[in-house]
Amino acid sequence: MRFRDRRQAGAALAERLLAQRDEGALPDPVVLALPRGGVVVAGEVARALDAPLDVLVARKIGAPFQSELGVGAIAGEDEPLFDERALDRLGLSKAALEPIVEREREELHRREQLYRKGLAIPELTGRTAVVVDDGVATGVTALAALRSVRRHDPARVTLAVPVCSPEAARLVREEADDVVCLHEPATFMAVGLWYEEFDQVTDDEVLDVLHGLS
């Protein structure tokens with residue numbers, strides 16, 4: 001299974017979530033998108049569910065020698081979450097990653113200010129938080145996001161993604177009340193391989209989606 005683009009993936013994901021809502025599994029949902037790619041997917045989900053859409057900014061902590069290789073993540077003002085096995089395997093220390101964490105924290109704050117204009121995260125107490133991304137590879141960024149959401153006392157947390165690796169699915173299921181993943185390929189490699197079109201999403205595109213549903 002390959003998705004045409006993020007919008008088509010979001011529409012397919014929305015169909016699955018609508019079925020769950022009709023069964024009573026998604027009471028009073030709030031859709032929280034992981035920028036940037038997750039916002040395009042989440043826009044389709046929020047529209048279908050007629051639910052409010054907001055962002056939950058989380059940042060991957062990449063290895064010093066390969067930024068795309070995630071070894072940890074941060075969300076909000078929480079302490080960094082590290083993949084301890086990856087650190088051991090790569091011979092990395094948390095101290096050595098401090099400059100990268102600081103840089104990613106700065107970018108996190110920039111995006112929060114741009115996308116949320118200083119506003120607090122929506123009230124989640126007693127509601128269903130539906131956390132949406134365009135895909136999950138290692139799961140560490142999604143896990144950091146889910147733990148951050150838990151601090152806001154939602155009644156239920158659902159992670160919804162079009163595609164995820166089996167390893168990541170096992171990891172996030174330990175934190176989420178439910179994981180909705182449309183495609184879980186045994187050989188995963190990278191999220192972008194499961195899309196025909198996977199261009200980088202810009203800040204302006206994120207703002208367009210958020211304003212379109214505001």
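**Ground rules**

I number residues from 1 along each chain as its sequence is written. Because the model is predicted, I take local features only at pLDDT of at least 70 and side-chain atom pairs only at pLDDT 80 or more, with totals for chains, interfaces and linings using all residues, and side-chain values use heavy atoms, leaving out hydrogens and water.

**Entry 1: the parallel sheet**

I looked up the strand order first. Five strands form an open sheet with parallel pairing, in the order β2-β1-β6-β7-β8. Strands here are DSSP runs of E of at least two residues, helices are runs of H or I of at least four residues, and both are numbered from the N terminus. I call two strands paired if DSSP finds at least two bridges between them. At the edges I find β2 (53-55) and β8 (178-183), each of which pairs on one side only. From one strand to the next the twist averages 25°.

**Entry 2: strand β6**

I then followed β6 to its partners. Strand β6 (residues 128-132) is joined to strand β7 (residues 156-163) by five bridges in the parallel sense. Thr128 stands opposite Arg156 in β7, and Val130 has Thr158 as its bridge partner in that strand. With β1, too, β6 pairs in the parallel sense over five bridges; there Leu32 stands opposite Val131.

Which way do the residues of β6 point? Thr128, Val130 and Val132 point one way, Ala129 and Val131 the other way, and all are buried. I use buried for under 20% relative accessible area, exposed for over 50% and partly exposed for in between, with a 1.4 Å probe and protein chains only. Five of the five residues of β6 are buried, so the strand is largely enclosed by the rest of the structure.

**Entry 3: helix α5**

I count a contact when heavy atoms lie within 4.5 Å.

How many of the residues of α5 are buried? The count is nine of the eleven, so α5 is largely enclosed by the rest of the structure. Among them I list Val140, Ala142, Leu143, Leu146 and Val149. α5 also lies across β3, β4 and β5, running at about 10° to β4.

**Entry 4: the antiparallel sheet**

Three strands form an open sheet in the order β3-β4-β5, with antiparallel pairing. β3 (58-63) and β5 (81-82) are at the edges with a single partner strand each, so one side of each is left without a neighbour in the sheet. Strand β4 (residues 66-75) is joined to β5 by two bridges, and Gly72 has Phe82 as its bridge partner in β5. α4 packs on this sheet and touches β3, β4 and β5; its direction makes about 155° with that of β3.

**Entry 5: helices α4 and α7**

I checked how these two helices cross. The axes of helix α4 (residues 98-116) and helix α7 (residues 203-212) come within 10 Å and cross at roughly 40°. That makes α4 oblique to α7, since angles under 35 degrees count as roughly parallel, over 145 as roughly antiparallel, 65 to 115 as roughly perpendicular and the rest as oblique. From α4, Arg110, Leu114 and Tyr115 make the contact; from α7, Asp203, Val206, Leu207 and Leu210 do.

Glu112 is in helix α4. Is Glu112 buried or partly exposed? Glu112 is partly exposed, with a relative accessible area of 24%. Leaving aside neighbours within four places in sequence, I find Glu112 in contact with Val57, Gly76, Lys117 and Gly118.

Gln20 is in helix α1 (residues 6-22) and counts as buried at 16% relative accessibility. Not counting residues up to four places away in sequence, Gln20 touches Ala25, Leu26, Asp178 and Val180.

**Entry 6: cysteines**

I searched for disulfides, meaning pairs of cysteine sulfur atoms within 2.5 Å. The structure holds zero disulfides. Cys164 is buried, with a relative accessible area of 2%. Cys181 also counts as buried, at 12% relative accessibility.

Key. Axes are lines fitted to C-alpha atoms, for helices over the stretch in contact, and angles run from 0 to 180 degrees between N-to-C directions.
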